[in-house]
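The sequence and the structure are shown first.

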Amino acid sequence: MWDVENDYSLKDRLRGSGDNSRLLHKIEKSGKMMVLKQLLQLWHSTKSVRCLIFTQCVKIKKMIQDILIPEVAETVKQEINFLHIDGTTPPHKRLSIINDFNNCEEYFCLIATTRTGGLGVNLT
């Protein structure tokens with residue numbers, strides 16, 4: 001569930017840090033981000049679920065990986081390992097990242113932009 005205490009600790013942690021404080025404001029005002037946070041907390045607590053998160057742009061991917069994932073990790077009091085891939089990921093590294101996610105259970109989620117590129121990317 002969305003925890004007000006953790007919101008305040010996140011605000012304190014990011015206060016005055018320029019870009020991060022603006023990103024925090026966007027997350028707090030976004031119902032979708034709040035629901036995503038709740039889902040990530042729930043899924044992480046089950047220990048049997050891993051997830052793929054797709055975004056249309058790099059800015060949202062960055063918000064998720066830099067603000068939301070650390071906040072969820074703080075809430076569940078456990079480090080969350082994740083991978084990310086976007087259009088700036090060199091083509092020769094993309095398959096390696098996807099294989100790491102598919103083959104290594106330690107990664108909880110893979111965050112990817114829909115504009116990563118490459119036809120026939122297989123995530124299963």
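## Burial and the model

A residue is called buried here when its relative accessible area is under 20%, and exposed when that value is over 50%, with partly exposed in between. The model is predicted, and by the burial cut-off both Glu71 and Lys37 are buried.

## The sheet

Three strands form an open sheet in the order S1-S3-S2, with parallel pairing. S1 and S2 stand at the edges, each with a single partner strand, so one side of each is left without a neighbour in the sheet. From one strand to the next, the twist averages 15°.

Strand S1 (residues 51-55) is joined to S3 by five bridges; Cys51 stands opposite Cys109, and Leu52 has Leu110 as its bridge partner. On the S2 side, four bridges join residues 82-85 to S3, and Ile85 stands opposite Ala112.

## The enclosed strand S3

In a regular strand the side chains alternate between the two faces of the sheet. In S3, Cys109, Ile111 and Thr113 point one way, while Leu110 and Ala112 point the other way, and all of them are buried. Because five of the five residues of S3 (residues 109-113) are buried, this strand is largely enclosed by the rest of the structure.

## Helices on the sheet

Helix H4 (residues 58-76) lies across S1, S2 and S3, and runs at about 155° to S3. H5 also packs on the sheet, where it touches S1, S2 and S3, and its direction makes about 150° with that of S2. Together, S2, helix H5 (residues 91-103) and S3 make a right-handed β-α-β unit.

## Salt bridges

The model contains four salt bridges. In one of them Glu71 pairs with Lys37, with the closest N and O atoms 3.2 Å apart; Glu71 lies in helix H4 and Lys37 in helix H3 (residues 31-46), so the pair ties together parts that are 34 residues apart in sequence.

The side chains of Glu105 and Arg50 also meet in a salt bridge, at 3.5 Å from N to O. Glu105 lies in the loop between H5 and S3, and Arg50 in the loop between H3 and S1, so this pair ties together parts that are 55 residues apart in sequence. Glu105 counts as exposed at 63% relative accessibility, whereas Arg50, at 25%, is partly exposed.

Asp86 forms a salt bridge with Lys61, the closest N and O atoms being 3.1 Å apart. Asp86 is in the loop between S2 and H5 and Lys61 is in helix H4, 25 residues apart. Asp86 counts as buried at 4% relative accessibility, and Lys61 counts as buried at 3%.

Note on methods: Residues numbered from 1 in each chain as written. Predicted model: local features only at pLDDT ≥ 70, side-chain atom pairs only at ≥ 80, totals over all residues. Heavy atoms only, no water. Buried < 20%, exposed > 50% of the residue type's maximum accessible area, 1.4 Å probe, protein only. Helix = DSSP H or I, 4+ residues; strand = E, 2+ residues; numbered from the N terminus. Pairing = 2+ DSSP bridges. Right-handed = clockwise from strand over helix to strand, strands pointing away. Axes fitted to C-alpha atoms, helices over the stretch in contact; angles between N-to-C directions. Contact = heavy atoms within 4.5 Å.
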